[in-house]
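Morning, everyone. Please look at the model on the screen while I talk.

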Amino acid sequence: MALAHTHEMAANDGMNQTSPFCLVLTSAASEEQADTLARLIVEARLGACVQIQPIKSIYRWQGAVCAEPEWQLAIKTRQARFAALERFIRQHHSYETPEIVQLAISAGSADYLRWLDQGTRDEPAP
């Protein structure tokens, strides 16, 4: 994506619905696992930034209701990187069925989206 297009896309008073960017959520069983996965994702340029927060999850697994502390990862990336990111998470995750959810970013500041775009390119911008 050209940087000028990134600026045009974000400049529409925050109302543009065609952003190529997304937020991907996953969770990990421990802070250490979350930190390791986040670092691997950023190093692989599959996400420009990963935020990690402690959460408590209540869910049904194999017929039982479970309540466990977890660490949620919010990964900022481009929609074009989602398939590769999903494969990467499955490959490096300790869970049998990890959460992998994509949420579209409908708009954002031009400078931030430009940074996000550059951080998820195979070749960093000069």
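First, the ground rules. This is a predicted model, where local features need pLDDT of at least 70, side-chain atom pairs count only at pLDDT 80 or more, and totals for chains, interfaces and linings use all residues. Residues are numbered from 1 along each chain as its sequence is written, and side-chain values use heavy atoms, with hydrogens and water left out.

Start with helix α2, residues 31-43. Helices here are DSSP runs of H or I, at least four residues, and strands are runs of E, at least two, numbered from the N terminus. The expected span of a helix is 1.5 Å times one less than its number of residues. For the 13 residues of α2 that gives 18 Å, and the end C-alpha atoms are 18 Å apart, so the two agree.

Which residues of α2 are buried? They are A34, L37, A38 and I41. Buried means under 20% relative accessible area, exposed means over 50%, and partly exposed is in between, with a 1.4 Å probe and protein chains only. Seen down the axis of α2, the buried residues fall within an arc of 100°, so they line one face of the helix. That arc is taken from the directions from the helix axis to the C-beta atoms. On the other side, E32, R39 and E43 are exposed.

What covers the buried face? The cover includes β1 (21-28), β2 (49-61), β3 (64-78) and α3 (82-92). Contact means heavy atoms within 4.5 Å. After α2 comes R45, with a positive phi near 60°.

Now the strands. Two strands pair if DSSP finds at least two bridges between them. β1 and β3 run antiparallel, joined by eight bridges. There, V24 stands opposite I75 in β3. β2 and β3 also run antiparallel, with 13 bridges. P54 has W71 in β3 as its bridge partner. The hairpin of β2 and β3 has two residues between the strands, and Q62 takes a positive phi near 50° there.

Last, the rings. Rings of Phe, Tyr and Trp (its six-membered ring) pair if their centres lie within 6.5 Å; planes under 30 degrees apart are stacked, over 60 edge-to-face, the rest tilted. By this rule there is one aromatic pair. Y112 and W115 form it: tilted, 5.4 Å centre to centre, 40° between the planes. Both lie in helix α4 (residues 110-119), three residues apart, about one turn. Y112 is partly exposed at 34%, and W115 is partly exposed at 40%.
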